[in-house]
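This report concerns a single protein model and is written to be read beside its sequence and coordinates.

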Amino acid sequence: MSKHILLGISGGIAAYKSCELVRLLKKQGHSVSVVMSTASTEFISPLTFQALSGNPVLTDTHENGLGNGMAHINLTREADALVIAPATANTIAKISHGIADNLLTNLVAARKCPLAVAPAMNVEMWNNPANLRNIEQLRSDGITVFQPAYGEQACGEIGLGRMLEAADLADLISDLWIPKILLGKRILITAGATFEAIDPVRGITNISSGQMGTALARACRAAGAKVTLIYGQLQTTIPTGLLHTEQTVSAEEMFRAVHNHITNQDVFISVAAVADYKVKNSSSQKIKKMVPVKFLLSN
């Protein structure tokens, strides 16, 4: 379903990821309008976003391009969602305290559409008590916060604070206009194929891509559920934004993992391709090709 997305860019190095985000959203069939803070134009040229989005880029509250000087009103009335990516600690602080001193924060204050932010900052800035309070304030105000990723940052430090990759954000943004009919529900899903070892390099398995399980996990997440995904061998990507993911190999491992999590679940959906048999006399060393072996199977 085609939507109009208003993408706000605040002044952080992660702004380069937003170029790819615009491309992916356009590829999904959405129209995208970009609003940039003055600081963000020091990282990426507005012309870049104009070329990628096919729409003029606004950078100032008193931009003349919208005719009546009411950009902060008009833009959000035409949008299905407002997404700020990257959202710096400074911008998050302003939003959480209701400050509207530029076009981007004016849009937030005047919006009628859903708002989501994708934080991007240094790990120590993310863990700063004031920032964590601001994040919780956003959530309590009904604003969606796309949890940042863990990893190496532009400054060289490692930890939470990296803005999610563009592909993950493009996947999550579509959740903003889906009814939250499963809000607060906890759902456990199994997906993929289990593997029963014959020796360290051979085994018995089922042919399964895991696409059904991951699609269900994505749909439940979009509907507001807290999803735990336990998976075996997959030929597809794991959706972002899940409460917990856990990889298992054998049917026995998957069985134990399910029982470790099932007590506090509201719904259990089992779509994993669990092997019907396992080898009772599996070998801890690679079996030579020319050595005859009789395998004992059990279910």
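## Basis of the model

The model is predicted, so that local features need pLDDT of at least 70 and side-chain atom pairs count only at pLDDT 80 or more, while totals for chains, interfaces and linings use all residues. Residues are numbered from 1 along each chain as its sequence is written, and side-chain values use heavy atoms, with hydrogens and water left out.

## Overall architecture

The secondary structure comprises 10 helices and 15 strands; these elements are DSSP runs numbered from the N terminus, with helices (H or I) of at least four residues and strands (E) of at least two. The C-alpha trace spans about 85 × 40 × 40 Å along its principal axes. The domain assignment gives domain 1 (4–174) and domain 2 (186–279), with bounds that come from an automatic or database domain assignment. The C-alpha centres of domain 1 and domain 2 are 34 Å apart.

Of the 299 residues in the protein, 45% are buried. Here buried means under 20% relative accessible area, exposed means over 50%, and partly exposed lies in between (1.4 Å probe, protein chains only). The accessible surface of the protein amounts to about 15,300 Å², and 53% of it belongs to carbon and sulfur atoms; accessible areas come from the Shrake-Rupley method with a 1.4 Å probe. Contacts (heavy atoms within 4.5 Å) between residues at least 6 apart in sequence join residues at least 24 apart in 68% of cases.

The protein carries 26 positive and 23 negative side chains, and the centres of the two sets lie 8 Å apart. Lys and Arg count as positive and Asp and Glu as negative, whereas His and the chain ends are not counted. Each charge is placed at NZ of Lys, CZ of Arg, CG of Asp or CD of Glu.

A cis peptide bond, with omega about 5 degrees, joins alanine 85 and proline 86. Proline 86 belongs to strand β3 (residues 81–87).

Alanine 93 is located in helix α4 (residues 89–96). With a relative accessible area of 23%, alanine 93 is partly exposed. Asparagine 122 occupies the loop between β4 (115–119) and α6 (123–127). Asparagine 122 counts as buried at 18% relative accessibility. Beyond its neighbours within four places in sequence, asparagine 122 is in contact with Gln153, Cys155, Glu157 and Leu160.

Threonine 190 is part of strand β8 (residues 186–191) and counts as buried, at 2% relative accessibility. The side chain of threonine 190 makes a polar contact with that of serine 270 (3.4 Å). A polar contact is a pair of N or O atoms within 3.5 Å; within protein, one must be able to donate a hydrogen and the other to accept it, and residues adjacent in sequence count only if both atoms are side-chain atoms. Outside the four places on either side in sequence, the contacts of threonine 190 include Phe268, Ile269, Ser270, Val271 and Ala272, and Gly213, Ile230, Met254 and Val258 are also among them.

Valine 227 lies in strand β11 (residues 226–231) and is buried, at 1% relative accessibility. Not counting residues up to four places away in sequence, valine 227 touches Ile187, Ile189, Ala217, Cys220, Arg221, Leu242, Leu243 and His244.

Alanine 223 is placed in the loop between α9 (211–222) and β11. The relative accessible area of alanine 223 is 7%, so this residue is buried. Apart from neighbours within four places in sequence, alanine 223 is in contact with Pro179, Lys180, Ile181, Leu182 and Leu183.

Glycine 203 is situated in strand β10 (residues 202–205). The relative accessible area of glycine 203 is 31%, and the residue is therefore partly exposed. With neighbours within four places in sequence set aside, glycine 203 is in contact with Phe195, Glu196, Ala197 and Ile198.

## Separation in sequence and in space

| Residue pair | Separation along the chain | C-alpha distance |
|---|---|---|
| Glycine 203 and valine 279 | 76 residues | 8.6 Å |
| Alanine 93 and glutamine 137 | 44 residues | 9.6 Å |
| Valine 227 and leucine 104 | 123 residues | 33 Å |
| Alanine 223 and threonine 41 | 182 residues | 36 Å |
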